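Good morning, colleagues. Please look at the model on the screen while I go through its ligand surroundings.

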Amino acid sequence: MKRYHLTTFGCQMNEHDSERMKGMLESLGYVEAPERDEAELILFNTCSIREAADSRFLTHLGEARKLKRERSEVVVGVGGCWAQSLKEEVFERFPFVDVAFGPGQVHMLAEFLTSDSLSAQGYFEFEGFTGHLPSRRTRPFQGWLQISVGCNCACSYCIVPSTRGREVSRPAGELVEEVAAMAADGVREVTLLGQNVNSYGRDLPRGEDGQRASFAGLLHKLDAVDGIERIRYTSPHPKDMREDVIRAHAELASVCEHIHLPLQSGSSRILKAMRRTYDRSRYLDRVAMIREHLPDVAISTDIIVGFPGESEEDFEQTLEVVEQVGYDSAFTFVFSPRRGTEAATITEDLVPHPVKSARMERLVELVQREARARSQRFVGRTLEVLVEGTSRNDPERLRGRTSHNKVVNFTGLAAPGELTDVRIDSATSQTLAGEELLRDRVTRALRASPNPPARAAR
Ligand code: SAH
Ligand code: SF4
Ligand code: F3S
């Protein structure tokens with residue numbers, strides 16, 4: 001039996017694609033090797049979103065080269081966004097790579113592995129969804145759903161449109177079927193994936209009723225699938241965040257109380273240079289609409305500091321928006337010029353490295369302060385938690401996530417995959433801590449039991 005080892009870098013779409021790669025490999029008879037040096041097939045699913053992602057991957061690729069020198073039968077395969085952005089150049093620069101493929105060509109890996117081809121092969125067309133391939137889920141009760149691939153936006157800093165191609169949505173009927181199958185297989189939480197999920201359906205033909213498929217419509221259809229308790233999605237684009245989607249959060253029990261709304265910058269001038277197609281006031285209008293319908297919802301965001309031309313004043317506007325919105329959490333990034341992007345060609349007014357770092361420090365400090373303050377609203381409340389496993393710091397405790405996407409460490413008895421009630425006793429900027437309500441748990445177990453002892457005793 002042949003063994004493979006796969007290392008995944010990058011975003012949730014890559015995690016999804018890797019689960020599909022594993023499913024496909026296992027259907028070909030491969031088994032997963034616990035360590036890279038035990039595998040005959042060494043695979044990487046790569047990311048190129050920032051320079052740091054590239055360099056981290058190159059260290060790993062160097063190790064694969066070494067292993068191949070020691071055992072010449074080893075096959076090295078590189079998939080994902082980094083491979084797509086370099087295409088055939090991969091083989092010139094890294095001649096020990098046997099197969100390279102982009103995110104739209106994962107299925108061709110099977111073709112390569114079952115052919116007799118000894119020469120290096122590259123597959124870089126944008127075609128096919130990885131969502132059509134068999135899957136091996138990391139956690140049996142959580143599933144990804146690829147609702148669309150690609151991105152039609154032109155954010156000037158971003159490499160993704162060139163690595164994932166134009167946006168293509170999958171038909172809703174197919175997605176409902178996939179989620180129903182997941183539910184039958186034990187999945188309770190599904191996360192819808194796309195680069196811009198809320199522009200879903202614009203490329204699909206109109207239905208028989210003459211209506212276009214919409215993201216809110218898809219949420220309604222998926223909420224109706226029995227057995228799915230939680231629906232999450234990432235990422236929406238603020239320009240497409242419409243009231244129907246916000247209402248879906250309020251109306252549909254399974255849609256989680258969390259919205260990720262990437263800001264990138266609080267300065268309209270910088271947003272324009274980033275080609276984000278909204279300005280500060282439009283973004284804040286969206287936040288106001290969200291808060292009006294969903295006063296308790298958690299809002300998270302992505303922010304870039306040090307975009308070319310960002311002045312102290314621009315940066316202070318970002319700080320102002322962060323303060324005004326009060327994010328529950330934020331991912332913060334230092335601008336990184338990416339090959340082939342418009343922003344990478346800007347040579348004037350670049351922000352010096354020490355200034356970027358100092359701004360990042362100020363931003364992170366504010367984000368944490370806001371997040372800490374926001375999470376205090378949960379203290380004293382009882383929240384439903386989906387148990388994911390044992391706590392990372394304390395094996396005696398459990399770890400799970402609330403609908404608000406807050407990690408909770410707690411004492412209790414529940415098993416991974418169960419939904420249970422936890423009383424929250426304390427909160428930091430990142431995590432909550434509490435105790436499972438065991439009395440409710442016992443009552444629930446008795447109710448669920450076909451032969452409740454109380455009745456049997458009667
Ligand atoms: N499609 C998603 C995610 C894109 S990548 C979206 O639009 O929200 C995730 C985040 O990485 C982006 O939101 C952005 O904040 C950051 N990012 C992308 N390109 C970057 C670059 N060149 N430098 C620094 N951060 C970047
Ligand atoms: Fe990149 Fe912008 Fe598309 Fe997100 S919306 S993937 S940031 S181009
Ligand atoms: Fe990275 Fe590609 Fe995702 S560049 S962040 S793996 S879409």
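The shell around ligand 3 comprises five nonpolar, four polar and one charged residues; here Ala, Val, Leu, Ile, Met, Phe, Trp, Tyr, Cys and Pro count as nonpolar, Asp, Glu, Lys and Arg as charged, and the others, Gly among them, as polar. Among the residues surrounding this ligand are Cys-11, Cys-47, Cys-81, Arg-164 and Gln-195, a residue being near if one of its heavy atoms lies within 4 Å. Domain 1 (3-123) and domain 2 (137-256) each give at least three residues to the shell of ligand 3, with bounds from an automatic or database domain assignment.

This is a predicted model, in which local features need pLDDT of at least 70, side-chain atom pairs count only at pLDDT 80 or more, and totals for chains, interfaces and linings use all residues. Residues are numbered from 1 along each chain as its sequence is written, chains are lettered from A and ligands numbered from 1 in the order in which they are written, and side-chain values use heavy atoms, leaving out hydrogens and water.

I turn to ligand 1. Its shell divides into seven nonpolar, four polar and three charged residues. Of the 14 residues around ligand 1, Tyr-157, Gln-195, Gln-264, Asp-302 and Ser-336 come nearest. A side-chain N or O atom of Gln-264 lies 2.7 Å from an oxygen atom of ligand 1, and a polar backbone atom of Gln-195 is 2.9 Å from a nitrogen atom of ligand 1. Domain 2 (137-256) and domain 3 (262-274 + 289-375) each provide at least three residues of the shell around ligand 1.

Note on methods. A polar contact is a pair of N or O atoms within 3.5 Å; within protein, one must be able to donate a hydrogen and the other to accept it, and residues adjacent in sequence count only if both atoms are side-chain atoms.
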